[in-house]
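Please look at the sequence and the model first.

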Amino acid sequence: MATECLDKKQTIDLRKKFIGPSCKVFFSHDPLKIVRARGQYMYDENGQQYLDCINNVAHVGHSHPTVVRAGTQQMELLNTNSRFLHDNLVLYAERLQATLPDPLSVCYFVNSGSEANDLALRLAWQYTGHRDVITLNNAYHGHVSSLIDISPYKFHQLSDDEHKQSVHVAPSPDVYRGKFRADHPDPALAYSDEVRDIITRAHKRGGKIAAFIAESLQSCGGQVVPPAGYFQKVAAHVRAAGGVVIADEVQVGFGRVGSHFWGFQLQGEDFVPDIVTMGKPIGNGHPMSCVVTTREVAQAFMAAGMEYFNTFGGNPVSCAIGLAVLDVIQNEDLQGNALRVGAHLSRLLGGLKETHPLVGDVRGPGLFVGVELVRDRVKLTPATAEAQEVIYKLKEQHILLSADGPHRNVLKIKPPMCFSREDAERVVEKIHLVI
């Protein structure tokens, strides 16, 4: 089919026709046609460069030559159905497992974060023999039916009659805007007690808890950082009820938080999930994802008698790309870069908070930072319109940013990991000028 350049109105009309009016499209009122990208930059059809501050998919940088070369070389040699044995699968599983705590030792390779989280639910249901799932308010775990059911970020748009009775929503552990805030003597305990109470109510109705699932750091929910100790306390309640804990690392894993390789490790060495899911950054944009769990959970899944097979999960090209991504993270010290540049970025954004009353909160580790805009710092009135204005004005300055959270008032900064100090300074200066 021949393609042609469309003007702005034509592009919007086509998106409405083929995507639908309810689909959230980035820059939906001002489309940006990107034709190429490299490192932390993207380029439109006129060659204009844009600084990408939001693309956690291009984890080690757009079009990284090491990753491109690894995929190209393996495609020239062999790509095949995963029924055939190939060394890349074993080599990558070994490398990946080495980044995780020892109990997490069995890998299932799939093709997307949604597919990973769907499989994680199947593992939990089979291992526990239970069906009920606890999720967090504002959570998003994927686009397939089983995950819409556990994603309040999505299903809050539905009527109450369409909600699964086996899905229970716990408060987001948000110490800025949530039920228990930073001035609470023990917000981790208070939020975990909410999960305990949900379990009690579920048991009274005859339900049995299969799993608690949470992003290690909530992304679509507004860049929420749980208080230290929260996951340990929740895990104790969930496991006592016979359930397992699933850590969704699809958006925050692979060194993004800087101080650790995985987001859940921010809680401390004494917290180890039963299942970890990953996607997006794992292949630097290549469709690849993984579920890692304990041997006990995997054996229970295998004992069910239903063979699990994924045609493309763990294919030779995907694993070659995955290995290359790990190589780049290590060889270019991108985790260290996230720690250093992220700290510099947060300091600069903290300066904005001191200067502009519109900036209510700056939070997040490494290169996973949220800036919450409010009209009133006492009432925490969301500055939704202002956040959108900041995004569009920054685009005019050739900087790509987005806003999310339940009120769409949190500026999300989660760029490729090669983001530099100079990039951070440029972004903060432009935000300052716009505000």
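A residue counts as buried under 20% relative accessible area, as exposed over 50% and as partly exposed in between, with a 1.4 Å probe and protein chains only. By that definition F264 is buried, with a relative accessible area of 1%, and F271 is buried at 3%. The model is predicted, so local features need pLDDT of at least 70 and side-chain atom pairs count only at pLDDT 80 or more, while totals for chains, interfaces and linings use all residues. Residues are numbered from 1 along each chain as its sequence is written, and side-chain values use heavy atoms, leaving out hydrogens and water.

**Aromatic rings**
- The whole structure has 13 aromatic pairs (rings of Phe, Tyr and Trp, the last by its six-membered ring, with centres within 6.5 Å; planes under 30 degrees apart are stacked, over 60 edge-to-face, the rest tilted).
- F231 and F271 are stacked, at 5.5 Å centre to centre and 15° between the planes.
- Because F231 lies in helix α8 (residues 230-240) and F271 in the loop between β8 (244-248) and β9 (275-278), this pair ties together parts 40 residues apart in sequence (helices, H or I, of at least four residues and strands, E, of at least two are DSSP runs, numbered from the N terminus).
- F264 and F271 pair edge-to-face, with 6.2 Å between centres and 80° between planes.
- One aromatic cluster is formed by F212, Y230, F231, F264 and F271.

**Charges over rings**
- The charged end of R83 sits over the ring of F309, 3.9 Å from its centre (CZ of Arg or NZ of Lys within 6 Å of the ring centre and within 35 degrees of the ring normal).
- R131 lies over the face of W125, 3.9 Å from the ring centre.
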